[in-house]
Amino acid sequence: MSNRLWLFVFMAFCCGVRAQCPDTSQYTRWSTVASWNTVNATVNIAAGQKVLLDVAPSVVLGVIQVRGTLFVSNKQMELQTQGIVVYSGGSLIVGTATCPITAKVTITLFGRRANAGSDTLGADPTSGAFFGNVAFGSKGIAVAQNGSLQMNGYVNPLGPLWCRLSKTAMQGDTTLTLDTPVYWNTGDSIVISSTDFSEVLDSKLPNTSPMNGVPSPEQSETAVISSISADRKTLTLKTPLSWMHWGINYERAEVGLLTRNIVVKGDNTSESELYGGHVLLRHGQILQITGVEFTRMGQQGILGRYPVHFHMGLDVYDITAALINSSLHDNYQRCISIHGTNGVLVQRNVAYKTYGHCYFLEDGSETNNTFDGNLGVYAKLMYPPLIPSDVQPSMFWIAHPQNTFINNAASSAHVGYWIIPPDRPLGTSGKIWPNMMPRVGSFIGPFADNVAHSCFKDGIQVEDGQDDQGNLVPTKVGWNSDKTSGDNAFLRYLGYKCRRSALWALFIPHASYNHSVMLDAAAQLMIGTSIETLYNVTFVGESDNYGLAVGNRSRSIPSADGKPSYVGGYRSYDNGGGSMLINCTFINFTTTAEKMMGGFVNSNTGQFGTYPDGVCYNCKFINANPMVAGTDVSLYSYNTVSNGLCYADGSGVVIPGGGWMAGNQTLYSTLPGAVPRPESNGYYLKSFHGRMIAMHMPPNVYAQPVRNPRISTDTQIYQEAAGPFAVVRYRPLGSASDGPYLFTVGKAPTPSLGYWSPFFTDGTGRRVAAIPYLDLSIQDAKRGDWNVIAIPVPQGVNYNVTYRDVTISLASRWEDLSPRSMWYNNTNQHLYILVNEDFWTFWDYPNRNDSKVGYSYWGTGMDFYQVRSDCTLDQCSLPGTYVVPPMPSTIPYVLRYDKYRAKFKTPTGQAAAESQVFLQLYPSSLIDGPAVGFQIWHNVPGGSVDLYASWEDRSTGLTLADNVIGQTAFFSMMRINRAFWQAAVDGNLQMSIRSIADGRQLLVGIFQLDDPTAAFVPPSSPSACDIPAYDVMNVFTNGSFSSPNNTAGNNLVANTRGACTTKPLLLTSGNTVFLSNDKQAITVPSKYTSLEFYIRAQASYHNYNFFNISLDVTGPSVRSLINIAPSKSSDFIINSNGWAFVRLSLADMGGNNISSIRFTFDHWYNEKPVLVDQIRFSTAAPIAPVSMERQTFIQSSATTSTSPSSGDHVLKNGGNGLMVCAFTVLALTVLLF
């Protein structure tokens, strides 16, 4: 826009708004009252009186008290006063929204710190007992309850008040090129933000708090405009720039306008005393500040004296309460404070150079305030601090998350956005809202389009908490929002050049991070404890912005001490897990001789371990090491072999076929397919049967106040120091006692489905006892996870093991080890505990469920197995040097499984990279009955809302299980039926990965045994079309009841195929089958010992693979409810995919006197109809238990191919595997009958 056109627009605007200005012709002219124009005069504007400040006095006035109306003329003037108080019913107007000030109007506030306690402005007479005395202090503008303030300076609507560079400005340049036209003026003052790391104060100087180290300058600066280009995008400055300001790509300096038409400032003594003016606002009729410049404001060290302070206004939704388009610069305490007030709009302001926190929510009671489009540059530490954290100033201090933060930019502070809600509101707010819990609040909408950079510590921080006095409680988070409040979404966040992290999300509950960019920090993002989702996040290790070179380096570095440290993109806290990184990109993480860099890095204390269930889906690595296991700060070692880093590569981008990026643990070198990565100080671990889990076995950290006793008989000093911590090393059973091991002080990423021997040492390297206090857990447990832990416990020691306060019993045999029973080996004096995911939730099934950004995190979690003993110092531990116990020669029944694997292909038969699925088939599993654990790995993009997995019998086309989560890196366990098991043994079991949108088959793989020489085989199940070889008494068969005495009401015969050919019964919990028309009990002949039938679900329920159904049996004096457990059915489960044969003992049903039977669903299901057929009493024995021994196969000489369609198994006695296996089991079954 040309200058002439701009001038025309400006004049048109001015002419327009002049017509909307209030009529002040009848107002009293200030200049006509002589007493108001004398030095130190106290001016009283009475209620109902209207005064026009037509000419400002040339002297400094006393206090101006407004109970009527004071209207300031739109002409250049400076009002000098000790303060202005607007009382209830009064109104101070310096421009209105429709009649803004276009001239230069200045209000200068006078006063000295020596008089700070005199409260020359008085107090709010309307406060009342509820708020106590609200003193207005001195040297300020105060608006009492029900007063009004309007300050509206003209702001050109054609352009912004702050923008960004579009070209880098070098040190010494005198021009700035902006990314948008601005309508500022020659002579205006501006601020240019730093685009380098923050200032570092000299550690030798006093009062530097934590912002110290090797000195480094603050690189934000101010300038004055000497001219503006015709396109209004290039500013020429009066003086050259002192620093380089980056202006391309993501890192572009903000440029903010500081000059406004209305100026409220402290007097010339303010700077020397850090005692400026202040503005305090209560709940008024209107509190609108627009286009005002506040400078030399704030009274350092005095509570409540800030440049702008909304004080205890409670809810202000009913009025206009806003600070808009203003500037706050060169102030002494805060920028704006919102205290006990809800509903304030803080929008498009520019703040520069204050002490302590800048944009400030004070007590934690403040909600529903909006911070939109504000710029904050340079918050200096305040010492002594007003509150303890002022020595670590933030640009935005967020004491309650239930506010809106959008489009803001924060730079040159200790922390950009510090989210730190207390348990309860502090101060006066705590009395008004005693039951409010700020720490369970959530954002109002996303935390969106915010920027933070050049911070000493973090761009965003959620870690520290506050006590009830407002003192910082380091690493004790305050925020723990209720999950019902929804996700806390960080959307389009940009963070760069922050020394510790762009976003330190140590404890952000229920969070997601979408479409964000983080660059140039020691760790771009630190994730905490909950399940997080990152979607389309870009991490840049080193950008083109080289900053101010340090020493002989070519660029600036994050660390404040001038020493290089390892640099990473994504970092997880040691107990943070489940994070899903989807379509994320890592750029420029390359290790040099000076520092290690990687896209994924360990936590600061890497020996604590990370949860290995964090998964990267479809991630890209451009000029980047995928991971680095860097310095462990507690061990002070660069190439430590005790690092707990472990993240899953879900899509096979880094590790073909999927796997884990892991740290440097000696045991990892022994895992099949492990690839050492010396440049990353770690390993790539290929996918396998099972997965990496967070095995947690901390000794005496939960119940014992002192450390475990040393072992006096073992004097060996083990080599690896561990500082103050008790250290756990563990090795596989049967391995050498000095062989490779896993090392941790908390949890080590550990292969599941294993047998382990822990070994504990103290901080001096001497061995200590595992008991009297030890906790065991898989912290990131998913269905199918387990490990067996052999704990050294001397014979004769009293001990107990509990889980969720339930005592774990002692098994008499090793084979009977289970989640509910432990085993003690008297020979080697070890207690064996099976640690597995929470077996109390065994009915859960991995169907498609709720997702985050389209991907599901499906897990069960678990508490700790607690091992406790009352042993004394000389009783707790085994004597002598520790020896790893041998691996037993047999396997516990519930842990016996066959290994199957399927290599995925496309439907056209082409190989799908190294996509595959591992499957463990348990004849008798942890979740009761036959089951399979499985681990899916493929490279098809999509999550649980896009993909599902189904199992099919390729020989019959029968679907055996359906609608399971199909995303890659999905691990779980589910119950199976006999048909599923038989298809696996026969080589006919296949898995398909399908599209949810249209059911298309995207991948397919046929399962084969890892060991083709032997397998567990299923028992036979009788055919519904065969005539039983034992006596039966039919109740319902061939589509009708066998006796007119049997009845089940009308219209219960389904018009569908039954178990053989006839129509079955269609029953719900409301349908009862009576054995007599008069509903009286009948006596079933004593030769019949069981009730048997065929059953299937009419339709699936939420895609569950099995139904928990019970039989409700009523007799003359007893009612029995018998769960149809897997042991009651030769098909093991009831589902909608096929008929299941069930046989129940009459003894369990209360005997042979029965009047009715009814099928019921257990309480966690909605009722679904079931089809029942061939109901009869029989003389057959109970169904035989599943054989827990493998049957041996031999390979046919004609079948040496590994093709899924060839190489059928043949038993050693010859014949076809399927036929002979079935015949053998059937023969055994018949013999048992």
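Cys-584 has its closest cysteine sulfur in Cys-619, 5.1 Å away, which is too far for a bond. A disulfide here means a pair of cysteine sulfur atoms within 2.5 Å. Cys-584 is also buried, with a relative accessible area of 0%, where buried means under 20% relative accessible area, exposed over 50% and partly exposed in between (1.4 Å probe, protein chains only). Cys-646 is buried too, at 0%.

A word on the source: this is a predicted model, with local features needing pLDDT of at least 70 and side-chain atom pairs counting only at pLDDT 80 or more, while totals for chains, interfaces and linings use all residues. Residues are numbered from 1 along each chain as its sequence is written, and side-chain values use heavy atoms, leaving out hydrogens and water.

Cys-619 itself is taken: its disulfide partner is Cys-616, and both are buried. The structure holds 5 disulfides, including these:

| Disulfide | S to S | Angle about S-S | Hand |
|---|---|---|---|
| Cys-21 and Cys-99 | 1.8 Å | 85° | right-handed |
| Cys-616 and Cys-619 | 1.6 Å | -120° | left-handed |
| Cys-871 and Cys-876 | 2.1 Å | 95° | right-handed |

Cys-21 sits in the loop between α1 (3-18) and β1 (28-29), and Cys-99 in the loop between β7 (91-94) and β8 (105-109), so their bond ties together parts 78 residues apart in sequence. (Helices, H or I with at least four residues, and strands, E with at least two, are DSSP runs numbered from the N terminus.) Cys-99 is buried, at 5% relative accessible area, and Cys-871 and Cys-876 are both buried as well. Number the bonded cysteines in sequence order and the pairing reads 1-2, 3-4, 5-6, 7-8, 9-10.

Finally, an open antiparallel sheet of 6 strands runs β65-β62-β68-β75-β70-β71, where strands pair if DSSP finds at least two bridges between them. β65 (747-751) and β71 (806-807) stand at the edges with a single partner strand each, so one side of each has no neighbour in the sheet. Strand β62 (residues 692-696) pairs with β65 over 5 bridges, and His-696 stands opposite Lys-747 in β65.
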